[in-house]
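Subject: Structure handover

Hello,

The structure we talked about is below, together with its sequence. Some notes on what was found in it follow.

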Amino acid sequence: MENSSHERPMTEAELLSSFEDAINYEHIFVSYQAQINHTTGRMVGAEALMRWKHPLYGMQYPTDFIPVLEKNDLIYRADLHIFEMVCRFQKKCLDERIPMIPISVNMSRYDIYNHEYVDAIEAIRRKYDVPVKFLRIEVTESSAIGGMELVSSVLKKLHSFGYLVEMDDFGSGYSSLNILKDLDVDIIKLDMTFMSGDIGGRGGAIISSIVQMAKWLNTPVIAEGVETVEIADYLNSIGCNYIQGYLYCKPTAPDEFMEMIKKVKHEPITAALDLIKAMDAGKFWNPESMETLIFSNFVGAAAIFVYDKSDESAEIIRVNKKYIREVGAGRTDTEIFDSNPWADLDKTNQDIYKKTIMRAVESNDEEVCETWRDICTKMCGDESLCIRSAIRIIGKGGDKFLIYAMVRNITKEKKWSEDIKDREHLLKQGFEHANVYAWEVDLATWDMRPCFRCMRDLNVPPVVHNYPEPLIENGLFPADYADMYRDWMKQLTEGVGELEAVIPLTVGRIPFHVRYTTEFDENGKPLKAYGSATFVVDTPPSE
């Protein structure tokens, strides 16, 4: 073999004439590049990269030889050759009990359009008896342009055999979103040429949006071409933990990579967001699905938002029309989405809501809270709303939680309740000044419920069953008036409208003016008797 000083790019004719030897003598070979979880430092997989080293002309760039192989319909044989080398590598790991990791192998568009690639690789896998979970197939988004139905059918066939499918170079084409919508891929590989050396700016915003979108599709993301800690840290900050690139691993020869596998800890790749089993994410985001129909029309006012525990931030993802009507206070859906969900709540109410979220996380059940929100809009001005929220966690990924919140505007109820309390307070004060005791008796059950003064001054329990017998027994009604009082209850039950008399009450036989009035239903049946006892004050004789 000549040294590197004689290395040069080969011509197309030289590549074609050397191809058979390249396959037979493994001048075309595999290098492996690890995929690492930047958060844990553990390996989650690797990609098998095709390389060609000519004995005379040295290493050839893939950008030089792959287009020639594609043009001359030789890439299919090269791809199968690489796939078989990967299976041999995995078989060696299996036989020698070396920890195995999933390895991704590229499938070109020419494999899809011109050959029965899936059947061919499945035959090779079975030949080496490699578990399918340790092999992944990468398809570039450009493969689908112009042949979506064919590519989709190939992916279905791969899935039927158990292969996971990765979409390689996502973002490099012109139809990424449309392809992602129509192709059932399991992992997205993000093309980091978006960055162009600049972490911030428009490229960073686009990458962040792609990562968020992938979460809602419940699809893991691997960022390719990561070379610096700064970019890896940025990706980690937006929820993309899986990276592939020179930062952790250059393309490595099989023997060296096998030693790396032995030393580095492994972990499975998982989706960024773990949705609850009962929720089908694809159906939920489908505007024509039953899930969306229920969310929009039958569940009451509801919102879906993301809560990030690490910085306690929140972002509204979806609301239905009832939510806008119930708590919008004149705001449009756009204004709701553009607003900070915490902006309407003061610190006390924010704390209440955040604690409720964490209770829902811990209980894995619905948790309820009531919070006041101060909302300012052009239409309604300043307005305070009391919102009751029933919160349930429907997905989680790291410190982020996907939350389903059913809400109800209870401002009127709350103000009515406060008004009742104010009136009760006023009534209590009036009773105190007038020295009046009051109670009600359910004439169907003879259950008596006393006022606060009866409970406080006379030790009457909150409910007296079989009224008035317990109060006769404890001496509140003197024994010589017991039969009269029993007769009163009988008359009230039979429909007497009013009764009154001066009766000595308590063991001290204090005179009270006792009065009853009866409440009837629409048919004239007696329902309740309302009683009162007013202390009789002796009026001094006039001079």
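To begin with helix α2, its buried residues pack against α1 (12-24), β2 (43-54), β3 (58-60) and α3. Please keep in mind throughout that this is a predicted model. Helix α2 covers residues 62-71, and the buried residues in it are Phe65, Val68 and Leu69. Looking down the axis of α2, the buried residues lie within an arc of 100°, so they line one face of the helix. Thr63 and Lys71, on the other side of α2, are exposed. Just after α2 comes Asp73, which takes a positive phi of about 55°.

Next, the nonpolar cores. As background, nonpolar side chains in soluble globular proteins tend to be buried together. In this model the largest nonpolar core has 81 residues. The residues with the most contacts inside that core are Ile82, Phe83, Val86, Leu158, Leu235 and Phe257. Helix α3, residues 75-95, gives the most to this core, with 11 residues. There is also a second, separate core of 28 residues, which includes Met448, Leu505, Phe512 and Val514.

If neighbours within four places in sequence are left aside, Phe83 is in contact with Val105, Tyr117, Ile121, Ile124, Arg125, Leu135, Ile137 and Tyr163.

Asp308 is buried yet has no salt bridge. Why is there no salt bridge for Asp308? A salt bridge needs a side-chain nitrogen of Lys or Arg within 4 Å of a carboxyl oxygen, and the nearest side chain of opposite charge, that of Lys400, is 4.4 Å away from Asp308. The side chain of Asp308 does make a polar contact with the side chain of Ser310, at 2.5 Å. Not counting residues up to four places away in sequence, Asp308 touches Ser313, Asp399 and Lys400.

Last, Tyr113, which is found in helix α4 (residues 109-114). Tyr113 has a relative accessible area of 32% and is partly exposed. The C-alpha atoms of Tyr113 and Gly147 are separated by 8.6 Å, while the two residues are 34 residues apart along the chain.

Regards

Key
Residues numbered from 1 in each chain as written. Predicted model: local features only at pLDDT ≥ 70, side-chain atom pairs only at ≥ 80, totals over all residues. Heavy atoms only, no water. Core = buried A, V, L, I, M, F, W, Y, C linked by side-chain atoms within 4.5 Å. Buried < 20%, exposed > 50% of the residue type's maximum accessible area, 1.4 Å probe, protein only. Helix = DSSP H or I, 4+ residues; strand = E, 2+ residues; numbered from the N terminus. Contact = heavy atoms within 4.5 Å. Arc of directions from axis to C-beta. Lys, Arg positive; Asp, Glu negative; His and termini not counted. Polar contact = N/O pair within 3.5 Å; in protein donor to acceptor, adjacent residues only side chain to side chain.
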